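Visitor: Can you walk me through this one? I'd like to start with its charged pairs.

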Amino acid sequence: MNSNSQEDFAWLFSEEAAPLLQACCDNVNDRVNAVRIAKMLRKSTTPQRAAMIMELTGQRMRARAKFSRSDEMLMTRRGLEQSTSEPIAWFKARRFSGAENVADICCGIGGDFIALARRQDAARTVGVDRDPLCCTMARHNASVYQCPDFDVIQSSFEDFDAGPFDAVHIDPDRRVDGRTVNADTIDPPLETILRKLGNVSAGIKLAPATIIDEQEARQLSGHNIERNWIGDKRECKQQVLWTGRLAQNAGNRTATSIRDGQVEQFSTREGFVDTPASVANGVGKFIFEPHPTVIAAGLGDALANDRDLKRLAPRIAYLTGKRPANTGLLSIFRVIDVMTTNVRRIGKKLKKMGVGRIEVKHRGVELVTAEQVKRLKLSGTEKMTVILTRLTTQRIAILAKRKKVRRDSD
């Protein structure tokens with residue numbers, strides 16, 4: 001960042017810029033044309049600063065899905081995209097209970113850093129990033145959340161000494177040469193991270209699809225590791241490699257779903273992951289769709305075996321059974337009818353049932369069939385889910401009703 005850009009960014013969160021940011025936000029909320037907003041801003045500041053205000057306002061609005069105080073935060077588009085949302089960050093921070101001195105390396109705009117700094121037992125939390133702009137944003141955002149006893153320092157991972165810390169969190173850059181699922185091409189590479197941290201307990205944030213050699217990771221870290229796939233609502237957001245005392249389920253794969261403040265997990269030993277679930281001879285009373293974290297973790301078979309469910313077909317995620325399963329890790333559908341994937345017959349059946357709105361889901365069936373079903377013209381009042389999939393090798397359409405999950409804790 002050149003000196004002019006640094007000066008402009010420092011101005012962006014000054015008292016002078018505050019009213020312009022607020023005016024821009026108000027105009028956007030009122031759906032004022034972007035060209036008019038830009039003209040208004042340029043009457044009060046430079047074109048460069050006007051553009052920065054509009055960009056930041058747009059990012060803050062997008063950030064509302066992740067942060068409760070986004071309207072006061074500083075961020076860039078890339079920083080926001082790579083940041084951890086509040087619900088997931090709070091969940092991860094609880095793993096650090098008992099660790100007084102914690103470092104968040106490659107802290108970015110501070111999503112995880114803020115949650116770590118706000119832990120009740122946190123004595124000192126240090127954010128670390130080699131990018132001075134990220135350091136500025138993390139420091140500001142931690143102040144927005146009134147984090148106590150924190151510091152942010154500019155340093156590369158290679159130059160930072162993690163030895164004095166009880167535990168560390170690190171979020172390596174996964175977009176060095178575009179998106180990657182190779183643990184050796186993130187920056188810093190996973191092997192470098194594990195070698196340098198040694199016996200320091202760590203939470204290493206990776207992309208959900210990142211491929212790692214678990215045996216090598218265990219040898220490099222000196223610990224049994226836990227691979228944890230974490231999702232917010234109906235998406236798998238990240239994979240975390242827990243080492244040392246942070247690996248609460250050492251030697252396991254764990255799928256975690258966070259929704260509306262509720263956390264549900266399924267964890268099993270690595271040795272049980274590959275035990276295949278039985279394939280059903282027919283469709284049961286209920287169909288189950290595993291949460292994306294379960295699918296990403298490769299725990300579909302293990303969860304099916306644990307809940308006495310069967311797959312509809314090999315390598316198809318949908319499961320079936322006689323009774324509903326009380327877990328938020330499975331979406332439940334009550335089966336109404338099973339038929340062929342003939343689109344015309346599906347349409348006639350739906351009309352006869354008074355269905356006017358449909359949700360179409362598909363696995364193992366051509367996309368074109370799903371699109372044709374979505375375009376059916378219906379006019380009833382009922383809502384139905386149409387699941388296009390396979391029963392062993394036969395293509396089928398399952399008409400079903402979504403069922404509300406009664407969780408085990410209810």
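**Charged pairs and one leucine**

Guide: Start in helix α9 (residues 190-197), where R195 and E191 sit 4 residues apart, so about one helical turn separates them. Helices (H or I, at least four residues) and strands (E, at least two) are DSSP runs, numbered from the N terminus. This is a predicted model: local features need pLDDT of at least 70, side-chain atom pairs count only at pLDDT 80 or more, and totals for chains, interfaces and linings use all residues. Residues are numbered from 1 along each chain as its sequence is written, and side-chain values use heavy atoms, with hydrogens and water left out.

Visitor: What do R195 and E191 form?

Guide: A salt bridge, with the closest N and O atoms of R195 and E191 3.1 Å apart. The term means a side-chain nitrogen of Lys or Arg within 4 Å of a carboxyl oxygen of Asp or Glu.

Visitor: Why can side chains pair like that?

Guide: Opposite charges can pair when the charged atoms come close.

Visitor: Is R195 buried or exposed?

Guide: R195 is exposed, at 53% relative accessible area. E191 is partly exposed, at 30%. The cut-offs are under 20% for buried, over 50% for exposed, and partly exposed in between (1.4 Å probe, protein chains only).

Visitor: How many salt bridges are there in the whole structure?

Guide: The search finds 18. One of them joins K237 and E235, at 3.5 Å from N to O. K237 is partly exposed at 39%, and E235 is partly exposed at 48%.

Visitor: Which residue does R395 meet in a salt bridge?

Guide: E366, at 3.2 Å from N to O. R395 lies in strand β16 (residues 394-403), and E366 is in the loop between β14 (355-362) and α14 (367-374), so the pair ties together parts 29 residues apart in sequence. R395 is partly exposed at 38%, and E366 is partly exposed at 37%.

Visitor: Which residues do shared partners join into one network?

Guide: E289, K361 and R363, through their salt bridges.

Visitor: New topic. Where is L312?

Guide: L312 is in the loop between β11 (310-311) and β12 (319-321).

Visitor: Buried or exposed, that L312?

Guide: L312 is buried, with a relative accessible area of 0%.

Visitor: What is L312 in contact with?

Guide: Leaving aside neighbours within four places in sequence, its contacts (heavy atoms within 4.5 Å) include V279, Y318, L391 and I398. The C-alpha atoms of L312 and S278 are separated by 8.9 Å, and the two residues are 34 residues apart along the chain.
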